[in-house]
Amino acid sequence: MTGVFSRSTPWTAADGRLAFGDGSTPEFHVVGASGDTLQIVRWQAERHLLDRDVIVALANSIGATRQIDITLAPAFLPDTLPAYRRLEFFGDQIWIGNATPFDLGSDRWEVFSAAGQWLHTVRLRPQSDILDVANGHAVVSETDGLGVQTLAVYRLPF
């Protein structure tokens, strides 16, 4: 998983396909094994301004122990949060992690078909990680407030 403000490129590969994007816009590209572009998927996504409240919430979520000088934020932070931070192929679906990034209360995924059609939004508990999706179920690793991880299996609503 990439960091909230990282410059790395989220990507995933499966079955001779590579999906990638930089997260700065709600868009990702899918290329085939030959390098030819198979599709470009774009969607409407709510953009979240990076204001004082969001910066403080981000700092709290990562356990920041020092006071943050908010006046320095404009110098090194973007105006908005990234459109997404993670891409995953699960079977013939493409899952976009935190499509509304930093949802303050849940982990949100947008699910697209292999053809690029939006299928569903899936919300998980905070600090969850999807490990696999198959046969209408998702295997999820969840971390509680003490850092203890547990596995859970959820039936998907689609």
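The largest nonpolar core of this predicted model has 12 residues: Ala-19, Phe-28, Val-30, Val-41, Trp-43, Ala-83, Tyr-84, Leu-87, Phe-89, Ile-94, Ile-96 and Phe-112. A nonpolar core is here a set of buried Ala, Val, Leu, Ile, Met, Phe, Trp, Tyr and Cys residues joined through side-chain atoms within 4.5 Å. Buried stands for under 20% relative accessible area, exposed for over 50%, and partly exposed for what lies in between, with a 1.4 Å probe and protein chains only. At least two residues of this core come from each of strand 3 (27–32), strand 5 and strand 6. A second, separate core holds 11 residues, among them Trp-109, Ile-130, Val-140 and Leu-156. In soluble globular proteins, nonpolar side chains tend to be buried together.

Residues are numbered from 1 along each chain as its sequence is written, and side-chain values use heavy atoms, with hydrogens and water left out. Since the model is predicted, local features need pLDDT of at least 70 and side-chain atom pairs count only at pLDDT 80 or more, while totals for chains, interfaces and linings use all residues.

The protein chain has 2 helices and 11 strands, taken as DSSP runs numbered from the N terminus (helices: H or I, at least four residues; strands: E, at least two). From the N terminus on, the order of elements is β-β-β-β-α-α-β-β-β-β-β-β-β. Of the 158 residues in the protein chain, 39% are buried. With contact meaning heavy atoms within 4.5 Å, 34% of the contacts between residues at least 6 apart in sequence join residues at least 24 apart. The protein chain exposes about 9,500 Å², and carbon and sulfur atoms supply 53% of this area; accessible areas come from the Shrake-Rupley method with a 1.4 Å probe, and for residues only the protein chains shown count as cover.

Turning to the sheets, 4 strands form an open, antiparallel sheet in the order 5-6-7-8. Its edges are strand 5 (86–90) and strand 8 (118–124), each of which pairs on one side only; two strands pair if DSSP finds at least two bridges between them. Direction ignored, neighbouring strands of this sheet are turned by 25 degrees against each other on average, with axes being lines fitted to C-alpha atoms (for helices over the stretch in contact) and angles running from 0 to 180 degrees between N-to-C directions.

Although strand 5 is an edge strand, 4 of its 5 residues are buried, so strand 5 is largely enclosed by the rest of the structure. Strand 5 pairs with strand 6 in the antiparallel sense over 5 bridges, and the two form a hairpin with 2 residues between them. In the turn of this hairpin, Gly-91 has a positive phi of about 60 degrees. Gly-97 of strand 6 is the bridge partner of Arg-86, and Gly-97 also stands opposite Trp-109 in strand 7. Strand 6 (residues 93–97) is joined to strand 7 (residues 107–113) by 5 bridges, again antiparallel.

Another open sheet is built from 3 strands in the order 9-10-11, with antiparallel pairing. Strand 9 (128–134) and strand 11 (149–155) each have a single partner strand, so one side of each is left without a neighbour in the sheet. The twist averages 20 degrees from one strand to the next. Strand 10 (residues 137–143) and strand 11 run antiparallel and are joined by 7 bridges, with Ser-141 facing its bridge partner Leu-151 in strand 11.

The structure also holds 5 salt bridges, each defined as a side-chain nitrogen of Lys or Arg within 4 Å of a carboxyl oxygen of Asp or Glu. Arg-42 and Glu-27 meet in one of them at 2.6 Å, N to O. This pair links distant parts of the chain, with Arg-42 in strand 4 (residues 37–42) and Glu-27 in strand 3, 15 residues apart. Arg-42 is exposed, at 57% relative accessibility.

The side chains of Glu-142 and Arg-125 meet at 3.2 Å, N to O. Here, too, distant parts of the chain are linked: Glu-142 belongs to strand 10 and Arg-125 to the loop between strand 8 and strand 9, 17 residues apart. Glu-142 is buried, with a relative accessible area of 10%, whereas Arg-125 is exposed at 53%.

Arg-86 forms a salt bridge with Glu-88 at 3.0 Å, N to O, and Asp-129 joins Arg-86 and Glu-88 in a network of salt bridges. Arg-86 is buried, with a relative accessible area of 13%.
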